[in-house]
Amino acid sequence: MRLFRTLVTIAALTAPLSGCASEPPATAAATPVAVEPLPFGTSRPASAGTVEATVYDYRQPVTTVGKPAQAGYEYAAADLKVCVTDRATDPIVLGQNPWSLAYADSTRAVASSERYDDFPLPAYPVGYDGEPQTPAGQCKRGWLVFPAPAGQRPVTIDYQPSDEPAPLPWTVPDFDPDRAACAALNGIDELQRLEPEVTRPVAEGALRATDPALVEAGQTLLRATTAVEEADNPAGPLNTALFGAWLDVSGACIDRYGDGPW
């Protein structure tokens, strides 16, 4: 009997007392809700409505004299705009850090700090300290360049300022070989149009197009490029033919998409 009373007493002492304070139950951290992607050209608010962001276009690859340091990568560019709304009480420094490319395997590409003269213009602001702030009612628009895996197209272009719990995405359209062929002409000056190392990839891109006019112009440019490459000392007529073939590709692009840049 004594042992029984001891056990009962211990049980009574260790049982929780009614009305006494206890620790609140643990709660799971809130999971950010995925945001529905928007099509290009559609604006959406961010940062409690103090800014409004828009994605207009995406190009890959971007023809340039430079290449990313990482093997297997090429430069891509997105045409972006961010406006500061009347809800902003102070000017805002707009920059590249909130932007990224999102891929199907959950990896991301962040914007490049490299700047080459033949990158698409105007350039989107980097956002370094000391850059001009943007007041309410004004916008910044330009091309932001990313080192992207060669041959891989991102699923979305995402914008996520530090106060946004989840990325705000825009869907990247399927690859358009015709527009890509025309985009390869952007930023190439007249002297570069006589260089086979520049004209050959442009011709090869045009040959992958679906527009018969672009394909035909690409064939002409490829023949003119090969003639210059094989000549010991390219004469004036060969260079003239190469320049004219370049203009044929450019003309096919104008017929399809209007005046460049594409």
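Trainee: Is Cys83 buried or exposed?
Mentor: Cys83 is buried, at a relative accessible area of 13%; buried means under 20%, exposed over 50% and partly exposed in between, with a 1.4 Å probe and protein chains only. Keep in mind that this is a predicted model, where local features need pLDDT of at least 70, side-chain atom pairs count only at pLDDT 80 or more, and totals for chains, interfaces and linings use all residues. Residues are numbered from 1 along each chain as its sequence is written, and side-chain values use heavy atoms, with hydrogens and water left out.

Trainee: What does Cys83 form with Cys139?
Mentor: The two form a disulfide with sulfur atoms 2.0 Å apart; a disulfide here is a pair of cysteine sulfur atoms within 2.5 Å. It links distant parts of the chain, from Cys83 in strand E3 to Cys139 in strand E6, 56 residues apart. Helices (H or I, at least four residues) and strands (E, at least two) are DSSP runs, numbered from the N terminus.

Trainee: And how exposed is Cys139?
Mentor: Cys139 is partly exposed, at 38% relative accessible area.

Trainee: How many disulfides are there by this rule?
Mentor: Two. Cys182 is joined to Cys253, S to S 2.1 Å, and the torsion about that S-S bond is about -95°, so this disulfide is left-handed. Both Cys182 and Cys253 are buried.

Trainee: New topic: what is the strand order in the open sheet?
Mentor: The four strands run E5-E4-E7-E8, with antiparallel pairing; two strands pair if DSSP finds at least two bridges between them. Strands E5 (108-110) and E8 (168-171) are the edges.

Trainee: How many bridges join E4 to E7?
Mentor: Four, and Ala102 stands opposite Thr156 in E7.
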